[in-house]
Amino acid sequence: MQSNNSKNTIPSFFTSVSRNFWDAAKLTEHPKGLLEQINTCNSVYHFTFPTRKGKGEYEVIQAWRVEHSHHKLPTKGGFRYADNVHADEVMAMAALMTYKCAVVSIPFGGAKGGVKINAANYSVEQLETITRRFTSELINKNFIGPGIDVPAPDYGTSAREMSWVADTYQAFHPGAVDAPACVTGKPLSQHGIQGRKEATGRGVYFACREACNIEEDMKALGLSPGLEGKTAVVQGLGNVGYHAAKYLYEDGVKLIGLIEIEGGLYNPDGMDLEDVMQYRRSKGSLKDYPGAKFIENPSDALEIECDILVPCALENQITHLNADKIKTKIIAEGANGPTTPDAENILTKKGVLIIPDIYCNAGGVVVSYFEWLKNLSHVRFGRLGRRFTESTNAQLLRAIEVTSGVKFSDEIIKQIARGPDEGDLVDSGLEDTMILAYRETHKMWTKHDKKITQRTAAFINSINKIAQSYLDLGIFP
Ligand code: NAD
């Protein structure tokens with residue numbers, strides 16, 4: 001764990017999250033004991049298990065699952081594979097999950113998991129063995145289950161790992177009809193849901209769109225309202241970063257900076273995202289991409305002047321050590337904890353608007369919630385009503401034709417009458433959730449005359465909701 005004794009060290013991630021929590025908590029009137037209960041991690045499970053690396057060689061793998069809050073069940077949160085995972089980081093991310101779920105009104109407590117490996121150093125077979133062993137440890141300790149704790153993908157994991165988790169859980173629970181709801185972010189063929197893969201990045205896009213649509217806030221930043229024509233720099237082109245960049249690009253944002261682990265690309269005229277992705281896939285690096293300047297040090301690329309900086313890699317990317325050099329107007333936190341509290345102080349003084357992680361990257365857990373509901377109800381969204389809606393709409397259009405004398409083309413009828421399928425409903429639910437949560441956060445921010453940060457505003461709303469559920473239980477009369 002890092003300490004903040006020296007001027008140059010960065011506080012531990014959990015310390016930063018707690019600091020953000022208490023900055024908001026002191027603006028509420030809840031009893032101190034209740035606030036301490038909300039802030040604390042309820043259960044921290046650290047375990048190790050061996051895995052075979054080669055002929056006669058073994059490696060001891062370290063793993064964690066943290067359930068931060070049981071005020072709502074199940075607890076929910078992804079698990080990451082990274083070689084720098086440690087207890088403090090997993091605790092911080094589990095806490096963020098609690099606050100995030102409350103911000104977007106999703107009825108889950110927060111959790112998170114981590115396995116200390118660099119996935120790139122293991123074969124697919126080894127990763128499968130590790131994931132299945134990780135899952136069986138969670139089963140043994142009652143740290144997984146549709147009503148207990150439901151993991152999802154995070155940094156270094158994807159739908160593939162989630163399908164191994166679900167399959168292992170089902171093998172241990174023969175006949176459990178709700179078993180697929182033990183994990184979300186699964187492939188579609190394995191009880192997953194349309195739109196989960198892109199959900200977090202799509203949510204980041206909705207968050208940026210909502211923030212940029214408020215004329216008064218844009219005026220304060222010296223920007224015009226709307227996304228069209230704004231410039232963006234995106235850090236991390238994995239699941240969250242790629243999808244955030246894609247939807248911003250499709251809505252007219254110019255991608256002038258794209259940063260990966262090996263360095264960043266800069267082109268003030270903007271870049272074609274798919275072309276860059278294709279180049280990186282074929283060459284294994286962004287280096288020498290034609291038509292853009294390559295910046296060797298990825299953290300230097302964060303300093304490119306732009307309207308929106310979208311960090312989507314890891315925590316502690318923007319700290320008191322580089323905050324002064326960041327030249328953006330808006331930071332949309334796709335990653336968890338990319339900005340430390342000290343950096344936020346510096347940036348806020350410079351007038352930068354930070355859309356905080358506990359709201360900005362909540363799209364993943366929103367759609368995970370829909371997947372969990374789908375698994376429990378055993379039916380795809382839209383399956384029962386789509387055709388009925390379609391025929392009712394078509395009849396309505398025919399009636400309009402008869403009364404108005406206007407004839408609609410078959411194409412128009414098809415478009416307007418169309419009943420929603422699962423993808424449409426998931427996207428609509430995600431968009432609605434992101435809009436409502438932004439409005440709620442903005443209202444609290446405005447209530448404090450915008451003298452607090454949007455993060456503090458989101459934390460206050462979150463704390464109020466969690467406190468209410470404890471108070472309604474009569475635990476803190
Ligand atoms: P991912 O593994 O799919 O992608 C992360 C990408 O970041 C990788 O391509 C990696 O090479 C790159 N990267 C790592 N260090 C970098 C650096 N210093 N500079 C530039 N690029 C770097 O992970 P992800 O699922 O996209 O998660 C990214 C972040 O978003 C994490 O903080 C995660 O906790 C958060 N998050 C993810 C989800 C989700 O649904 N996956 C949901 C909410 C929040």
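Q: What makes the pair Arg19 and Asp342 a salt bridge?
A: In this predicted model, the side chains of Arg19 and Asp342 meet with 2.9 Å from N to O. A salt bridge asks for a side-chain nitrogen of Lys or Arg within 4 Å of a carboxyl oxygen of Asp or Glu, and therefore the pair qualifies.

Q: Why is this pair said to link distant parts of the chain?
A: Arg19 belongs to helix H1 (residues 13–25) and Asp342 to helix H10 (residues 341–349), and the two residues are 323 residues apart. The structure holds 32 salt bridges, and Arg19 with Asp342 is one of them.

Q: How do you know that Glu315 and Arg80 also form a salt bridge?
A: Their side chains meet at 3.2 Å, N to O, and because the cut-off is 4 Å, this pair too is counted as a salt bridge.

Q: What describes the division of the chain and the contact between its parts?
A: The chain is divided into domain 1 (43–190) and domain 2 (199–363), and the contact between them takes 10 residues from domain 1 and 10 residues from domain 2. The centres of the two domains, taken over C-alpha atoms, are separated by 28 Å.

Q: What makes up the area buried between domain 1 and domain 2, and which residues of domain 1 supply 50% of its share?
A: About 910 Å² is buried between the domains, with carbon and sulfur atoms giving 63% of that area. On the side of domain 1, Leu96, Lys100 and Tyr155 supply 50% of the area buried against domain 2, which is more than any other three residues supply.

Q: How many salt bridges and polar contacts does the rule find across this interface?
A: The rule finds one salt bridge across the interface of domain 1 and domain 2, together with three residue pairs in polar contact. Helix H3 (residues 87–103) gives the largest share of the side of domain 1 that touches domain 2, namely five residues. By class, that side has five nonpolar, five charged and no polar residues.

Notes. Residues numbered from 1 in each chain as written. Predicted model: local features only at pLDDT ≥ 70, side-chain atom pairs only at ≥ 80, totals over all residues. Heavy atoms only, no water. Domains from an automatic or database assignment. Contact = heavy atoms within 4.5 Å. Buried area = accessible area lost by both parts, 1.4 Å probe. Polar contact = N/O pair within 3.5 Å; in protein donor to acceptor, adjacent residues only side chain to side chain. Helix = DSSP H or I, 4+ residues; strand = E, 2+ residues; numbered from the N terminus. Nonpolar A, V, L, I, M, F, W, Y, C, P; charged D, E, K, R; others polar.
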